[in-house]
Amino acid sequence: MAEKHFKYIILGGGVSAGYAAREFSKHGLQPGELALISKEAVAPYERPALSKAYLFPQGTARLPGFHTCVGSGGERLLPEWYTEKGIELVLSTEIVKADLFSKSLTSAAGDIFKFDNLIIATGSTVIRLTDFGVKGADAKNIFYLREIDDADKLVEAIKAKKNGKAVVVGGGYIGLELSAALKINNLDVCMVYPEPWCMPRLFTADIAKFYEGYYTNKGIQIIKGTVAVGFGSNDNGEVKEVQLKDGRVLDADIVVVGVGGRPLTTLFKGQVQEEKGGIKTDAFFKTNVPDVYAVGDVATFPMKLYGDIRRVEHVDHARKSAEQAVKAIKASEEGKSIEEYDYLPYFYSRSFDLSWQFYGDNVGDAVVFGDNDPASSSHKFGSYWIKDGKVVGAFLESGTPEENNAIAKVARVQPVAESLDQLSKEGLGFASKI
């Protein structure tokens, strides 16, 4: 059992971890001061690629092409980069015990890592149907997507089950992006989800109607208002059918499940304050434990713009929160202060030839503008959300960079809106005036 001591440890190997390492490097590091510990076998990478280009039959993304920080236009941090910067990259290492007060982490192999400062960047894990005892949910070729190993297994199945039938369980981010990727691979795709429309946490019924119509036109079958309650398998233990609560049975060669995630906070239970499913932090991502920070999916932090606290699961926040935490650590060492985190919620997705962006808060009354006909060639449309007479959220499909910047500004400024009719008529014109 080896024991090592580091001034800084980043625990996690996802997007936040890579961006935190880069930020430490910008501020200057002595060799051996920083370790990054990940249970994955590869250096941090831009996770969104796994549900998009990683699965494409052409223009396929593979490592080292999408290591952090290329997703935001930054430098690609190859494993050699960490070596050059004197950062110890500790891969394929699962931490099974964390004692935040004695400042030590213990790996499955029994190695001990001591720290002066810790950044918890453990991210989320997928919710599995086996967690709920769904019958047959442990069959082969039922996939979840979180890490690169998951994506590799799915790629192999797509090749092995060429032109086969795929059922996607879930109608959120992963469900929509993976349904598109599977269809591009010439599989017969069916989506199943219990909600009345797709992406209900963000989309209104009017927005969802476009995407459901577009996917249907692409040949994807959509079944709403029911759930998978069981799976049948063949003699090889491979899934062959999906049994739905409404009695229908769907043939399936591949099943992909995307029913949400759960922040990985178990290691720290009873040691940190928790709220809204995450580790409670201040505006600098500092927890209630001295010298311990939490970033990305696991952090519940003050949302200055809205005067409340939230937990955000998205790559944009993963990047920015990591940078903020490192800046706060370095400022504290130097006796300086930095600005509080002032985050504008931002979500985006790409599938087929579609690309949407959302900024702000999806509360209040919503109004749609533009051409939201699924059969349209332009399919440029958007939506505004209005609360207490102000525009607090904005969504745009197929926007230019300038147009996306304009709706972001609307969400940040929260201008007064005279009426829903006015917004519907003015559309993007309203945003361009702000």
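The largest cavity holds about 60 Å³ of space. A cavity is a set of points, on a 1 Å grid over the protein atoms alone, where a 1.4 Å probe fits but cannot get out; a volume is the space filled by probe spheres set on the points, which are joined across faces, edges and corners. The model is predicted: local features need pLDDT of at least 70, side-chain atom pairs count only at pLDDT 80 or more, and totals for chains, interfaces and linings use all residues. Residues are numbered from 1 along each chain as its sequence is written, and side-chain values use heavy atoms, with hydrogens and water left out.

**Largest cavity**

- The count is 1 cavity of 30 Å³ or more.
- Lining residues (those with an atom within 4 Å of a point) are Leu176, Tyr211, Tyr215, Ser349, Arg350, Ser351, Leu354 and Trp356.
- At least two lining residues come from each of helix H5 (205-217), strand E22 (346-351) and strand E23 (354-360); E22 provides the largest share, 3 residues.
- By class, this lining comprises 5 nonpolar, 2 polar and 1 charged residues (Ala, Val, Leu, Ile, Met, Phe, Trp, Tyr, Cys and Pro count as nonpolar, Asp, Glu, Lys and Arg as charged, and the others, Gly among them, as polar).

**Second largest pocket**

- The second largest pocket has a volume of about 250 Å³, a pocket being an open set with protein on both sides within 12 Å along at least five of seven lines.
- Its lining has 14 residues, of which Leu55, Pro57, Ile158, Lys159 and Asn185 lie nearest the centre.
- Helix H3 (residues 148-160) contributes the most to this lining, with 3 residues.
- The lining of this pocket divides into 7 nonpolar, 4 polar and 3 charged residues.

**Overall fold and surface**

- The protein chain contains 9 helices and 26 strands (DSSP runs numbered from the N terminus: H or I of at least four residues, and E of at least two).
- The radius of gyration, 23 Å, is close to the 22 Å that the globule rule gives for 434 residues, so the chain is as compact as a globular protein of that length (taken over C-alpha atoms; the rule is 2.2 Å times the number of residues to the power 0.38).
- The C-alpha trace spans about 65 × 60 × 40 Å along its principal axes.
- Of the 434 residues, 53% count as buried (under 20% relative accessible area, 1.4 Å probe, protein chains only).
- Among contacts (heavy atoms within 4.5 Å) between residues at least 6 apart in sequence, 62% join residues at least 24 apart.
- The accessible surface comes to about 18600 Å², of which 48% belongs to carbon and sulfur atoms (Shrake-Rupley method, 1.4 Å probe).

Terms used:
Buried means under 20% relative accessible area, exposed over 50%, partly exposed in between (1.4 Å probe, protein chains only).
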